[in-house]
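Please look over the sequence and the model shown here before reading the notes below.

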Protein chains: 2
Amino acid sequence: MTALNVGIIGLGNVGGGALEILRDNAASIEARLGFPLRVRAICSPSIGTTRAAAVQGLPADVIRTADWRVVVNDPEIQVIAELVGGTGVAAEIIAAAIAAGKSVVTANKALMAVRGVELWEQARAAGVSLSMEASVAGGIPIHAVLREGIAGDRIDALIGILNGTCNYILTEMERRGDSFEDVLAEAQALGYAEADPSADVDGLDARSKLALLAGLAFGTRVMPDDIHVEGIRRIRSIDFAYAHRLGHTVRLIGSAERDERGLLLSVQPALVPSDAILAHVQGAYNAVWVRGAYGQDTFYYGRGAGPTPTGVAVVSDLMRAAREIRNGGLAPASPFAHITLAEHAPRSTAEQVRRWYLRFRVTDQPGIIARLASVLAEANISIDAVLQLPGEAKDDLPFVITLEPTPAGQVAAAVAAMARLDFLVDAPLALPFESGLGTPR
Amino acid sequence: MTALNVGIIGLGNVGGGALEILRDNAASIEARLGFPLRVRAICSPSIGTTRAAAVQGLPADVIRTADWRVVVNDPEIQVIAELVGGTGVAAEIIAAAIAAGKSVVTANKALMAVRGVELWEQARAAGVSLSMEASVAGGIPIHAVLREGIAGDRIDALIGILNGTCNYILTEMERRGDSFEDVLAEAQALGYAEADPSADVDGLDARSKLALLAGLAFGTRVMPDDIHVEGIRRIRSIDFAYAHRLGHTVRLIGSAERDERGLLLSVQPALVPSDAILAHVQGAYNAVWVRGAYGQDTFYYGRGAGPTPTGVAVVSDLMRAAREIRNGGLAPASPFAHITLAEHAPRSTAEQVRRWYLRFRVTDQPGIIARLASVLAEANISIDAVLQLPGEAKDDLPFVITLEPTPAGQVAAAVAAMARLDFLVDAPLALPFESGLGTPR
């Protein structure tokens, strides 16, 4: 059968990885599809000067352009991969490709998290497909799992380690006992973290990914702003020592949980039991734990990013789009299941009840525990345990109070009330215990 | 839109689970598909007397029959779920359904492992789909992952814990220190193991599953007989003590690995590093670790069996088949990728080089190590270490010799040569070290 033509727009890490796979794995791709995928055009603003190996190796007749409109308007091209990223021109490219009757594959989590539903509706109306396996946890085929593999289940909860940079920083802090600042600086020097690390370490990247995953898992529209977010900047190496003492470790966890009143969504550092499989996710890996009403617990693990792991997701999506086009009929499994049951609407996590870890830094003096305990008592919060590891400086003394199950809002109010206490070096750090998931039920 | 009619043949655990989900999760299924799935007919030899709750709750107009031909020949039914199992009548049902122009969903690993390719060709020729997510690792959507999610990758290796009964027995032996026989008897009493446990504990069930998974992952035809198989009957609690001392545990591992000369396939108990995620798979759970040339390592974990976890796989397959039918075009991603490259053909594991664990039981006497060492030296095998835990009886004394990397065939020959040694209580147990996978590269 004749080849199906694809256009690749954006030749950064992901575009380069996808091109490499399309070239080196072409025989296997053709065998699986029954026809070849042919790269007909590539596009990058720096196309004239790019030296990426994957680009150099392309046949001479591949169109090379800096103008994405050339690719989108090429009548021979049936599928476009938008690998530019961001919420600006990428949105234009996707809308124009759909309008031109082309199916679209994207790796763009930021855009899809805010405008995905709308773009999907446009694609459906135009009779083309829109897929985004690469947008979340690049190396883990979690979209295929939720869209196809366990589509028949009713998901009750989903938690994940969704940002490889944060997981790298936290696991290195844990392994070496170094500070957040030192590990971040090293990660930046190694190119694992951006010069402006905010999107990663403040949890914003994980928040976009959780919005996409929750939309897919629960069949509702979740916007990033619906999600409570806290980053990892305040985690100190002493927190790992305390967590270990409590049989736990600390990870940045994206959590989406359904109860009878709606969806509880958060991205924040949390205590994960040391014997949970999630606690064994090291370095830049990502992982997703899903609890279904019928399928019970399943777990998915793989590279969070990287040119070829994310490239596999792009190429697999291209193959699915190509198969649908060649079969003359689309099988549009929506990446957004069009359920918007009221009970699935996002709601505030203020009422979410969990156990809590409160870590204080104080200038030591008599009566500290009594005064903290009285603030907690006034807030009607029960203390589970008080914990202090030996050998710390008296002028910046850390210790931990764990709480009985308490709503998040009540904990936040108590922590705010503690701001007036003069013996605190800084605001208390409150981390929830993620004990419900991550180990089989 | 009007409902799409399905017929369920076989009302055992899996059929009951699928019916329960189709009934209780109907709103979500309809929202995701855009139309309802309606159970039009159910079939079981004991249909007149069945008291399964899921059957009792069905509407009165659902056809109830003991004759599968009634379901297959019903012109209103477009998709059949064959949940009878076995290689007898199930094959007739699937062939007849395909001939009648109906798409088929099956949970039948035994049949698909031997006749899957042929049945798939029939389905393709007839323009219907054939899917089998439920056939391997019921709760893990590993077919969707290999067929869609990472279709663009080139798989280099796949290992898995594919039999929940064996994993339950091994992890209980490990946890409690009990014998194989005691844990098996208890598992039988609890209904976790069959009265005739051979299919599970001799590795035959895992072998069928590995044949299916390897076919899908490597795009070649793998028959169960191509796979070297050893069961878990000879594992003793002392093996866990020695494995722990070596920083490992013991699990029944299905392994498929590609090298430049073909596919190396085995199902056998193996030593898994204690810090590998695979070692944390407890009880009746299943898990699959995949290493791709581009996507690198990914890991999938979930229930191995059970009515509703397997039911989710059946219902998800029904949804996919229904979507394909309603869209007027099939998107037949083959469960068997039609690649039969010579380099992917199964080949003997005799040349597969691994580290080995040899466990002996001897009647203690002087010179034992010397005589065993000389047999190994004659076979040109290098000893890594000799290990003996204290406190065992002199007339049935266990100890362990670990070997440097050695081809499996050479180890088997040396073990056979040891049969003539009069101080051995029984034949040495040889287990490979599964050190290459199960931890991220």
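## The model

This is a predicted model, in which local features need pLDDT of at least 70, side-chain atom pairs count only at pLDDT 80 or more, and totals for chains, interfaces and linings use all residues. Residues are numbered from 1 along each chain as its sequence is written, while chains are lettered from A and ligands numbered from 1 in the order in which they are written.

## Domains of chain A

Chain A is assigned domain 1 (4–139 + 307–326), domain 2 (143–303 + 342–347) and domain 3 (349–432); such bounds come from an automatic or database domain assignment. The centres of domain 1 and domain 3 of chain A, taken over C-alpha atoms, are 50 Å apart.

## How the chains are related

Chain A is superposed on chain B by a rotation of 180° with 0.0 Å of shift along its axis, at an RMSD of 0.0 Å. That is the relation of a two-fold axis. The same surface serves both copies, as 100% of the contact residues of chain A recur in chain B. The superposition is by least squares on the C-alpha atoms of residues with pLDDT of at least 70 in both copies.

## Where the chains meet

In the contact between the chains, 55 residues of chain A meet 55 residues of chain B. Two residues are in contact if their C-beta atoms, placed from the backbone, lie within 7 Å. Helix H2 (26–33), helix H7 (142–149), strand S11 (285–292), strand S12 (296–303) and helix H13 (307–326) of chain A each give at least two residues to the side that touches chain B. H13(A) supplies the largest share of that side, 10 residues. Helices (H or I, at least four residues) and strands (E, at least two) are DSSP runs, numbered from the N terminus.

S12(A) and strand S12 (residues 296–303) of chain B run antiparallel and are joined by five bridges. A:Thr298 has B:Gly302 as its bridge partner in S12(B). Two strands pair if DSSP finds at least two bridges between them.

## A sheet in chain B

Four strands of chain B form an open sheet in the order S15-S16-S14-S17, with antiparallel pairing. Strand S15 (383–387) and strand S17 (429–432) of chain B are the edge strands, each pairing on one side only.

Strand S14 (residues 353–362) of chain B is joined to S17(B) by four bridges, and the two run antiparallel. Within S17(B), B:Ala430 stands opposite B:Leu358.
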